[in-house]
Amino acid sequence: MSDEMNDEMQLIVDGKRLDGRKFDELREVKIETGVLKRADGSCYLEMGNNKMIAAVYGPREAFPRHMQDPSRAIIRYRYSMAPFSVDERKRPGPDRRSVEISKVSREAFELVVMKELYPRSGIDIFVEVLQADAGTRAACINAASVALVDAGIAMKGIVTSVAIAKVNGEIVLDPFKEEDNYGEADMPFAFVIRDGEIKSIGLLQMDGKLSYDEIRKGLEMAKKGAMEIYRLQREAIIRKYSLEEVE
Amino acid sequence: MKLVLPGDKIGFVEEFVAGKGAFEESGEIFASVLGRVEIRDRVVNVEPFKSVPEIKKGDVVLGRVVDMRNSLALIELTRKKGVDRGLMHIGIAALHVSNVQNGYLKELDTAVRYMDIIKARVIDAENLKLSTKESEMGVIKSICSFCRNQMVRKGNELVCPECGNTEKRKLSTDYGKGDW
């Protein structure tokens, strides 16, 4: 079925994508830190037409009490899409998809957050998708990552996420909505970056089919894209804190 | 000093000892929090821009009376003065009759009551013991024990604006100001 659709949906014209990007080019990323006053750490992120806001609270008392771990903090991650974030109104609240995304994203952060420093407490991460245009889980992870740094929570590195897709037989970086909907496959990655180097993969999912070589190619592309986003994440944080010092 | 983000390399274990806000892995030292590097006596600390408040001796804290014992008021702590961030744990602190005021106090009921909001100084951080002996320490918000309306200060007593009931408390100079 997807092959028929691809014949109809020409996603790559003259070696360029529908939005004019090259195969290994990211969408425009805009990151702003410390946007919410009441949260301990927060971030607003735009990635092309994706818009999301992340808030971090804690470490704070974890409720219900039986969830507390006497030796480390528990991390809660909530990915949620606003009803107006997609073309057709999305029914608000957690659904199968957002519960799954929350789980896998949380596991990516559990790799880096130094939970043992905050025993019996809970760290809450909330990410709200305000406008969706494919690759929202990756963008949400990037936003949450910046918010965690802003909250001053101890971490062993920074998580940066990006997706790849296969459209019209080509591997492309950071797909947008049409490529995601009518493409053959897509694969989000989250990397743990420490001191400017990718140390490990914290999230990897796949929808559709990719060959071994395609995954290899996609991984290299994703790594390059992630390093670019990592640079922007750093810039956003440094911009905020060096401004504060001048004041 | 240098600004670092979590995961930034600061140096090698041969150079320094990893202190606060830094961690060591395979012979190298990395920052774990966002902040500035400070090196003192060969110990690297990262001075964080934002940190989680810790309760130390001498801190001024805010809390609510959640239980009354014979000579003890149990107070749930929520904030530390000067830090606009919640505490990591809702610690249950103790205020003993002997630490309420400078003079002798026979009944604790005449100084603090259930659901009062109290400003106090920490005199023992390990066992979370509080004192309200200073004039600015004490009850800063209180409700009438009969009708639960907020009490209004009149001289050294509290009067309920609804039922006219009067009660005694160890009042803080900040009572009813909404600021502490």
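In the hairpin that β6(B) and β7(B) form, with two residues between the strands, D41(B) takes a positive phi near 50°. Helices and strands here are DSSP runs numbered from the N terminus, a helix (H or I) having at least four residues and a strand (E) at least two. The structure is a predicted model, in which local features need pLDDT of at least 70 and side-chain atom pairs count only at pLDDT 80 or more, while totals for chains, interfaces and linings use all residues. Residues are numbered from 1 along each chain as its sequence is written, and chains are lettered from A and ligands numbered from 1 in the order in which they are written.

Strand β6 (residues 35–40) of chain B runs antiparallel to strand β7 (residues 43–48) of chain B, and six bridges join the two; strands are said to pair if DSSP finds at least two bridges between them. Within this pairing, G35(B) stands opposite P48(B) in β7(B). Strand β6 of chain B is also joined by two bridges to strand β1 (residues 3–4) of chain B, again in an antiparallel arrangement, and here L3(B) stands opposite R36(B).

S32(B) counts as buried because it has 26 C-beta neighbours inside 10 Å; a residue is called buried if 20 or more other C-beta atoms lie within 10 Å of its own, exposed if 12 or fewer, and partly exposed in between, with C-beta atoms placed from the backbone. Although S32(B) and A22(B) are ten residues apart along the chain, their C-alpha atoms are separated by 5.1 Å. When its neighbours within four places in sequence are left aside, S32(B) is in contact with residues of both chains, including M114(A), A154(A), M155(A) and K156(A) as well as P6(B) and F23(B). Two residues are in contact if their C-beta atoms, placed from the backbone, lie within 7 Å.

Turning to the two chains together, the contact takes 21 residues from chain B and 23 residues from chain A. On the side of chain B that touches chain A there are twelve nonpolar, five polar and four charged residues, where Ala, Val, Leu, Ile, Met, Phe, Trp, Tyr, Cys and Pro count as nonpolar, Asp, Glu, Lys and Arg as charged, and the others, Gly among them, as polar. Chain B is itself assigned a domain 1 (3–48) and a domain 2 (60–140), with bounds that come from an automatic or database domain assignment. The C-alpha centres of these two domains lie 38 Å apart.

Which residues touch the most other members of the largest nonpolar core? Among them are A54(A), V56(A), I125(A) and C140(A), in a core of 109 residues; such a core is a set of buried Ala, Val, Leu, Ile, Met, Phe, Trp, Tyr and Cys residues joined through C-beta atoms within 7 Å. Helix α3 (residues 136–150) of chain A gives the most to this core, with ten residues, and the core also draws at least three residues from each of domain 1 and domain 2 of chain B. Leaving aside neighbours within four places in sequence, the contacts of C140(A) include M52(A), A54(A), Y79(A) and V127(A).

Chain A as a whole has five helices and twelve strands, and its C-alpha atoms fill a box of roughly 55 × 40 × 35 Å along the principal axes. A compact globule of 247 residues would have a radius of gyration near 18 Å, and chain A, with 18 Å, agrees; this radius is taken over C-alpha atoms, and the globule rule is 2.2 Å times the number of residues to the power 0.38. Buried residues make up 47% of chain A.

Some details of the backbone of chain A remain. Most residues other than glycine have a negative phi, and most peptide bonds are trans. The peptide bond from G58(A) to P59(A), however, is cis, with omega near 5°, and P59(A) lies in strand β5 (residues 50–61) of chain A. The bond from F63(A) to P64(A) is cis too, with omega near -5°. D174(A) has a positive phi near 50° and is buried, with 27 other C-beta atoms within 10 Å, whereas D195(A), with a positive phi of about 50°, is partly exposed because 16 other C-beta atoms lie within 10 Å.
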